[in-house]
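Hi there,

Here is the structure I promised to pass on to you. My notes on it follow below.

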Amino acid sequence: MIAVAPRLTGALRREYEDLLRTCVIPPARFGETDRIVERLRRDRGRYEAACAGSRVPWVFAGIVHELEAGGVFTRHLHNGDPLSARTRRVPKGRPRRGEPPFAWETSAADALALSGATRAHDWSLPSLLYRLEAYNGFGYRLHHPEVRSPYLWAGSQHYVRGKYVSDGRWSAAAVSTQIGGAVLLRRMAELGIDAFAVTYPGGEPAVVAYHAEKPANAAVRAQALELQRWLNTHRGIFLREDGWPGPATAAAYRRVTGHPLPGAPP
């Protein structure tokens, strides 16, 4: 019996938004995450070329490329097989047109069309996360709901262990060492590379003063952390909650309130 993919309902949309809002990248994974994000930013032009003529955002192609092929441009976007031949693993025999070796952009465009991404019109944050999960398959959600898909959440507190070690072969003890696609999105949003439309309610906390350097005072850090958590409840704001009311916090505060954070430079 073929498993039916879940629909992107309102509840599932809220789940994706809440998970990304609460996503925390541990300090030990920040260096690796930032290196990947910088590579994605550097290669943005190639991802935009693969998405040309469609509504697919470049970040979708870039993150899939990282997860399927380690960001290597000599491998198919479909599954990481070498571009020197048609794909050998599922999906097999792609691209069907043309002769190898394939240009990366040509193969990537085929992969995006095959996945259905080029037919999509909704690229809101929940839809983007849904399509990332769909690219890898809904096996975790359908058969192992106790484990959130590492394709999205590995490298954050939302994932600990459990993975498919090959097609259809499950291991409860195996651990994905990748940085998941949603975690990369979270870091990109924190760095201001892309903004995503998410709205949450919340009451305004006490405002703290801007600090050019990380404050040593515990009370200031506690207030700043409260402010950052509140700012993160607003549309398109993704701050690292570190208790430092510095430049990123000041920019987010101005964006949300229309006023400068007290003490912040113009």
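Let me start with a question: are α3 and α4 roughly parallel or roughly perpendicular to each other? The axes of helix α3 (residues 44–51) and α4 cross at roughly 110° and come within 8 Å, and α3 and α4 are therefore roughly perpendicular to each other. (Angles of 65 to 115 degrees count as roughly perpendicular, under 35 as roughly parallel, over 145 as roughly antiparallel and the rest as oblique; axes are lines fitted to C-alpha atoms, for helices over the stretch in contact, with angles from 0 to 180 degrees between N-to-C directions.) Helices here are DSSP runs of H or I with at least four residues, strands are runs of E with at least two, and both are numbered from the N terminus.

Before the rest, some ground rules. This is a predicted model, in which local features need pLDDT of at least 70 and side-chain atom pairs count only at pLDDT 80 or more, while totals for chains, interfaces and linings use all residues. Residues are numbered from 1 along each chain as its sequence is written, and side-chain values use heavy atoms, with hydrogens and water left out.

**Helix packing**

Back to α3: its Arg44, Tyr47, Glu48 and Cys51 meet Trp58, Ala61, Gly62 and His65 in α4, where contact means heavy atoms within 4.5 Å. That contact divides into four nonpolar, two polar and two charged residues. (Ala, Val, Leu, Ile, Met, Phe, Trp, Tyr, Cys and Pro count as nonpolar, Asp, Glu, Lys and Arg as charged, and the others, Gly among them, as polar.)

α6 and α9 also pack, at an angle of about 150° and with their axes 10 Å apart. Here Leu128, Leu129 and Leu132 in α6 meet Gly181, Ala182 and Leu185 in α9, giving five nonpolar residues, one polar and no charged.

The largest pocket has a volume of about 900 Å³. Of its 25 lining residues, Glu68, Asn136, Tyr151, Tyr164 and Asp167 are the closest to its centre. Two or more lining residues come from each of α4 (58–69), α6 (125–136), α7 (139–143), α8 (150–153) and β1 (163–166), and β1 has the largest share, with four residues. By class, the lining has 11 nonpolar, 10 polar and four charged residues.

The second largest pocket holds about 240 Å³ of space. Among its 14 lining residues, Arg187, Arg240, Asp242, Trp244 and Ala248 lie nearest the centre. α9 (181–190) and α11 (247–257) each give two or more residues, and α11 gives the most, with three. This lining has six nonpolar, three polar and five charged residues.

For your own comparisons, a pocket is an open set of points on a 1 Å grid over the protein atoms alone, where a 1.4 Å probe fits, with protein on both sides within 12 Å along at least five of seven lines; lining residues have an atom within 4 Å of a point. Points are joined across faces, edges and corners, and a volume is the space filled by probe spheres set on them.

**Salt bridges and cis bonds**

There are 17 salt bridges (a side-chain nitrogen of Lys or Arg within 4 Å of a carboxyl oxygen of Asp or Glu). One of them joins Asp122 and Arg13, at 2.6 Å, N to O. Asp122 lies in the loop between α5 (104–115) and α6 and Arg13 in helix α1 (residues 10–22), so the pair ties together parts that are 109 residues apart in sequence.

Most peptide bonds are trans. Val90 and Pro91, however, are joined by a cis bond with omega about -5°, and Arg94 and Pro95 by a cis bond with omega about -15°. Pro91 is in the loop between α4 and α5, and Pro95 lies in the loop between α4 and α5 too.

Best wishes
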